[in-house]
Amino acid sequence: MGPEGFRLSHCQMDFRVGGNWRFCMSRPGRDHWIHGTYQEIAPPERLSFTYINDADGHSMLVEIEFIGLGEETEMRFRQSEFLNVAERDGHRFGWSSTFEMLDTYLATPQAQQ
């Protein structure tokens with residue numbers, strides 16, 4: 001979880017509607033703490049949660065939909081509202097990098113088992 005160059009140094013999850021989560025994405029010289037609450041868990045099609053940066057306290061909503069397409073699954077991802085364009089662009093990089101690493105992992109033999 002997190003963009004390339006970061007590792008998850010802290011992970012706390014109460015995975016249920018109303019449950020809280022708290023992560024720290026770390027790289028040398030930087031810890032990025034975030035937390036939130038699970039709003040909706042509807043397997044296998046939908047997940048939503050609040051996303052709050054500890055640094056500024058700004059709360060956003062992340063919504064993820066999974067659409068089955070036979071042998072494949074399409075994921076639709078939305079996060080809003082951002083404080084400003086710079087924050088939006090930073091999150092775009094972070095999530096894109098995270099999803100690229102997920103794609104790479106899913107292509108490995110251990111993920112296929």
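## What H1 gives to the second pocket

Helix H1 (85-106) is the top contributor to the lining of the second largest pocket, handing over seven residues. Helices here are DSSP runs of H or I with at least four residues, strands are E runs of at least two, and both are numbered from the N terminus. This is a predicted model, where local features need pLDDT of at least 70, side-chain atom pairs count only at pLDDT 80 or more, and totals for chains, interfaces and linings use all residues. Residues are numbered from 1 along each chain as its sequence is written, and side-chain values use heavy atoms, with hydrogens and water left out.

## The second largest pocket

About 410 Å³ of space sits in this one. A pocket is an open set of points on a 1 Å grid over the protein atoms alone, where a 1.4 Å probe fits, with protein on both sides within 12 Å along at least five of seven lines; lining residues have an atom within 4 Å of a point. Volume is the space filled by probe spheres set on the points, which are joined across faces, edges and corners.

Its lining has 21 residues, with Met25, Arg30, His32, Tyr51 and Gly90 closest to the centre. By type, that's ten nonpolar, seven polar and four charged (nonpolar: Ala, Val, Leu, Ile, Met, Phe, Trp, Tyr, Cys and Pro; charged: Asp, Glu, Lys and Arg; polar: the others, Gly among them).

## The largest pocket

The largest pocket comes in at about 530 Å³. Of its 19 lining residues, Met1, Leu47, Ile64, Trp95 and Phe99 lie nearest the centre. H1 again supplies the largest share, seven residues, and the lining splits into 16 nonpolar, two polar and one charged.
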